[in-house]
Amino acid sequence: MIECTDHMCPVRVHWHFKNNYMNQWRVKLTISNYNYNRNYSNWNVLVQHPGFTQKARTYSFNSTKLPTLGLQDGVSLFWGIDYYNNELVHSDKDGVGLVTTEILLDKDPNSFTVSNGWAFPRRIYFNGENCEMPLPDTFPMLPNGGSILRATYCGFSLLYILLFLALLLILWF
């Protein structure tokens, strides 16, 4: 029995753009196995992304950059750490088998920016199989400026401080 994702694939590779720091980007890479009958031992994921032309650090997977002949983007190969996450286990009624890591990508504005939402990989291969990628036009757009939530948070903080001061004045007199 296989529980499929929206694109009818028993394995999902999820690339989540988490943070945009001053000198780095933080990405979370999660590989989920929706197959109820199959484990993937010694799995590997190959990712083509312009951010891999710069220094990248991976925390919970092994990784290496591969030479790119004729490609403008960088290519990195990821695989599990022995006795920790080198087996992508099958799903069961209690949950989905998955492995995950976070990646820090150094910034180089000349080779890669997140403008117009292009923070996602160009190509992904799982165990040598090409993963079907949506067209870049369908990717969600990332905000280019400050968030409205920050202003709201600041507004609530200011309101809280003013209410606290008013309460102190009432109790004082």
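This is a predicted model: local features need pLDDT of at least 70, side-chain atom pairs count only at pLDDT 80 or more; totals for chains, interfaces and linings use all residues.
Residues are numbered from 1 along each chain as its sequence is written, and side-chain values use heavy atoms, without hydrogens or water.

Helices (H or I, at least four residues) and strands (E, at least two) are DSSP runs, numbered from the N terminus. An open sheet of five strands was found, with antiparallel pairing in the order β6-β7-β4-β10-β11. Its edge strands, β6 (62–66) and β11 (129–130), each pair on one side only. Two strands count as paired if DSSP finds at least two bridges between them. Within this sheet, β4 and β10 run antiparallel and are joined by four bridges; L46 stands opposite Y125 in β10.

Four aromatic pairs are present in the structure. Rings of Phe, Tyr and Trp (its six-membered ring) pair if their centres lie within 6.5 Å, and planes under 30 degrees apart count as stacked, over 60 as edge-to-face and the rest as tilted. The Y40 and F126 rings form an edge-to-face pair, because their centres are 5.2 Å apart and their planes stand at 85 degrees. Y40 belongs to strand β3 (residues 40–41) and F126 to strand β10 (residues 123–126), so this pair ties together parts 86 residues apart in sequence. Y40 and F126 are both buried, a term for under 20% relative accessible area, with exposed meaning over 50% and partly exposed in between (1.4 Å probe, protein chains only). For F52 and F78, ring centres 5.8 Å apart and planes at 55 degrees give a tilted pair. This pair links F52, in the loop between β4 (44–49) and β5 (56–58), with F78 in strand β7 (residues 74–79), 26 residues apart.

Side chains of opposite charge can pair when their charged atoms come close. The whole structure contains four salt bridges, each defined as a side-chain nitrogen of Lys or Arg within 4 Å of a carboxyl oxygen of Asp or Glu. K18 and E102 form one of them, at 2.6 Å from N to O. K18 lies in strand β1 (residues 11–20) and E102 in strand β9 (residues 97–106), 84 residues apart. A salt bridge also joins R26 to E102, with the closest N and O atoms 2.6 Å apart. K18 is partly exposed, at 35% relative accessibility, whereas R26 and E102 are buried. D73 and R122 form another salt bridge, with the closest N and O atoms 3.2 Å apart.

Polar contacts (pairs of N or O atoms within 3.5 Å; within protein, one must be able to donate a hydrogen and the other to accept it, and residues adjacent in sequence count only if both atoms are side-chain atoms) were also examined. A polar side-chain atom of H49 lies 2.8 Å from the backbone nitrogen of G51. H49, in strand β4, is buried at 1% relative accessibility. A polar side-chain atom of N85 lies 2.7 Å from the backbone nitrogen of I81.
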